[in-house]
Amino acid sequence: MAKRTTLADIAKVAGVTTMTVQRALKGSGGVGDELRRRILQIAEEMDYKPNVMASALKKGKLKVAAVLPDAESENQYYASCLWDGLEGYVENNSIFQIQCCKIPYERSPVNQGLAMEKMLEQCGDDIDGVISMGGDDPGFLHALKHLDDKKIPYVFIGTDYQACNRLCCVTAYNEIAGSLAADLFLNFVRRSDTGRILLTGDFSIQDQNQNASGFEKQIKQRNGNFEIVKLSNFGTIDSVSRSLAQFLRADMDVAGIYSCSARNTLAMCRAIDEAGKCVTAIGSDVFAENVQLMKEGKLSAIIHKRHYDQAYRAAQILVEYLAEKKKPVNPNEMIMPVIVMNGNIDCFIENRQWESRYTF
């Protein structure tokens, strides 16, 4: 059996004391940034693994609050994966005795702020850490200040807000998601084709705006024949589909549509049917309805941003910090999106944990 790497082993390679190594790994003061990074790098190269069981037993129960969009109604196509990822981590890491206080809210900046305030009222200071999405609502920022004052760490998923003391933010590579969609679209059409490409989503939301930006940039770099029309749609699936169908009926030169959001993917496919069009359609994220649309040939491809993995990783970062004082090496972690087509879609059906085995 290989010898387990110790603090003394790392100290010897780094040329420092074991106390300095311990401070660097725990994120304590008294160690310069450059030296800390070097020690963390050495620890990683030597495959250092702290005694997780001892840390967990010493810490006792961990109380974590999760303030995330609810998985009800049409929010389910996005938010259910976040909740599943969080619950998946808790179930797979029972050694940490994680107690999760769930505060769901209907997604909007104001509702997020209200939910954070509700979390403070409900949990008080009796929490060890918080998982939420980044935002800038005044109520949300007030809650963050309270967490900072009480030295309660928090991690963001999906969207970021950097002007705070968050421990880390885990998101998809949103611009790459858009670039992949653009590459797929251009591979589906002929080089000589022209026309318009519709982009649908709520571009006031950070991740969808970044997604759209990546799509636009890649289309312009590879093929200047297409005009991109951004339709910022947020509402019910019915209202968005009616709006898109109206546009499709009025414009005979639409070559394809890319939906930057899960919800709008359903609206997009419904609108194409209602308008009687035959265009290339690329959607976002994997869930039962999208799987069926793919199998029926109504979706050419799906860009899956792996929200389960994002939530799972965010929970892991927070818990490891609480139990072991292990700070993430990178405060911005990004999960590589996956292209899903008929050839690999069966891997995802009713098996969200599949994606956890494919973290980039």
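A residue is called buried when its relative accessible area is under 20%, exposed when that area is over 50%, and partly exposed in between, with a 1.4 Å probe and protein chains only. The model is predicted, so local features need pLDDT of at least 70 and side-chain atom pairs count only at pLDDT 80 or more, while totals for chains, interfaces and linings use all residues. Residues are numbered from 1 along each chain as its sequence is written, and side-chain values use heavy atoms, with hydrogens and water left out.

At 3% relative accessibility, A315 counts as buried. Its place is in helix α13; helices (H or I, at least four residues) and strands (E, at least two) are DSSP runs, numbered from the N terminus. Apart from neighbours within four places in sequence, A315 is in contact (heavy atoms within 4.5 Å) with L86, Y89 and I131. A315 and G85 are separated by 230 residues in sequence, yet their C-alpha atoms are 8.4 Å apart in space.

The description now turns to the nonpolar interior. A nonpolar core is a set of buried Ala, Val, Leu, Ile, Met, Phe, Trp, Tyr and Cys residues joined through side-chain atoms within 4.5 Å. The largest such core has 52 residues, and those with the most contacts inside it are V67, M116, M119, I127, V130, L144 and L147. Helix α13 (residues 307-324) supplies the largest share of this core, eleven residues. Apart from this core lies another, of 32 residues, including V254, I272, L299 and V340. L144 touches M116, Y154, F156 and C164, residues up to four places away in sequence not being counted.

Strand β1 (residues 62-69) has seven of its eight residues buried, so the strand is largely enclosed by the rest of the structure. Strands β1 and β2 (residues 98-105) run parallel and are joined by eight bridges; two strands pair if DSSP finds at least two bridges between them. Within this pairing, V67 stands opposite I103 in β2.

Most residues other than glycine have a negative phi. K151, in the loop between α7 (138-149) and β4 (154-157), has a positive phi near 55°. D285, in the loop between β9 (280-284) and α12 (288-295), has a positive phi near 75°. K151 counts as exposed at 74% relative accessibility, whereas D285 is buried, with a relative accessible area of 3%.

On a 1 Å grid over the protein atoms alone, a cavity is a set of points where a 1.4 Å probe fits but cannot get out, and a pocket is an open set with protein on both sides within 12 Å along at least five of seven lines; lining residues have an atom within 4 Å of a point. The structure holds three cavities of 30 Å³ or more. The largest cavity has a volume of about 260 Å³, a volume being the space filled by probe spheres set on the grid points, which are joined across faces, edges and corners. Its lining comprises 21 residues, of which Y78, R107, Q208, S261 and R263 lie nearest the centre. Helices α5 (76-92), α9 (206-222) and α11 (262-275) are the elements that give two or more residues to this lining.

The second largest pocket has a volume of about 440 Å³. It is lined by 18 residues, of which P109, G134, G135, S204 and I205 lie nearest its centre.
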